[in-house]
Amino acid sequence: MTAGSFAASELAQRFGLELRGEDRPVHGVGTLATAGPGQLGFLANPRYRGQLAETAAGVVVLREADLDARAGTALLARDPYAAFARIAALFEPKPVRPPGVHPSAVVDATAVVDPGAHVGPLVVVGARSRIAAGAVLGPCCVVGEDCEVGEGSELVARVTLVVRVRLGKRVLVHPGAVLGADGFGIAMDHGQWLKVPQLGGVVVGDDCEIGANTTIDRGALEDTVLEQDVRLDNQIQVGHNVRIGAHTAMAGCSAVAGSATIGRHCLVGGGAGILGHLEVCDRVVVTAMSLVTHSIREPGEYSSGTPLMDNRAWRRSAARFKQLDDIARRTRGGDKDPA
């Protein structure tokens, strides 16, 4: 096949899938609704099963249970979404990042930059920092003092590692992210706030991804830690001394207050909040816009908040909510506080 084109049989062999139907060329990917005859689509969500009969996609990745609804070429996968992700990566254009230091970059004399690293325009690398082989520092990134960027890691653009930040291998940090800024540590002293020094750092494990404009504060005494394969979406706040377990993913605008611990294989929905000094065990799902106010010690799905409803119905419910305490007192037959 030509560059950027793969036979369906080749994709099946490469990714351990089963080909059903005619072997067809694949030049790109798309959704069931938009893919054309030379493209590959996928069915992962059952609600889109009805589109199988109408899709123009030349090849579709799906589960064997959905094969009866597909008349054309199919690739059978145990997890169609994961299979689609791997195939789609073949069509993602990768910019060439030649090794070397751009003339406009400023690298401290005590910093160590591997010859195989790429240091782009207007980058600053601070004292005693180390940039490993294959690392990429995109335009206008700032790597402060005593930082480490591991092998194959990439700071896309305008990323700031403030101080004492250590990135493992193959970490991807998107534009605008700030790692290692001061944690929010203050103490009240005679009516005025006293700033608590933040003496720790940030440690990010291998294969993590950190979204645009996300902030991860450095620890007060010990490090803020992301274990391996943690995935953070855009505009997330991670407070000082937080620990996030391996393979956990957090959606945009969620926040974790200082010294909280989140287990492994957790999912935190968009806009959710986790209060400080709490513990969340492994394999917990916190749904969007929920607020975690106590430690979670049993795996499962947790939610809080009021679901969206018609405004008139919500106003009635809110009015009734104010009456609940009085209703509880009358139900108990007295004025004693039911709590």
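**Charged pairs and a hairpin**

Author: Asp-66 is buried, at 13% relative accessible area; buried means under 20%, exposed over 50% and partly exposed in between, with a 1.4 Å probe and protein chains only. This is a predicted model, where local features need pLDDT of at least 70, side-chain atom pairs count only at pLDDT 80 or more, and totals for chains, interfaces and linings use all residues. Residues are numbered from 1 along each chain as its sequence is written, and side-chain values use heavy atoms, leaving out hydrogens and water.

Reader: OK, which side chain does Asp-66 meet in a salt bridge?

Author: Arg-49, at 2.7 Å, N to O. A salt bridge here is a side-chain nitrogen of Lys or Arg within 4 Å of a carboxyl oxygen of Asp or Glu.

Reader: And is Arg-49 buried or partly exposed?

Author: Arg-49 is partly exposed, with 30% relative accessible area.

Reader: How many salt bridges in the whole structure?

Author: The search finds 19. Another one joins Arg-264 and Glu-227, with the closest N and O atoms 3.1 Å apart. Glu-227 is buried at 17%, while Arg-264 is partly exposed at 42%.

Reader: Switching topic: where is Trp-193?

Author: Trp-193 sits in strand S23, residues 192-195; strands are DSSP runs of E, at least two residues, numbered from the N terminus. Trp-193 counts as exposed, at 57% relative accessibility.

Reader: What does S23 form with S22?

Author: A hairpin, with 2 residues between the strands. His-190 in the turn has a positive phi of about 55 degrees.

How values were computed: Helix = DSSP H or I, 4+ residues; strand = E, 2+ residues; numbered from the N terminus. Pairing = 2+ DSSP bridges.
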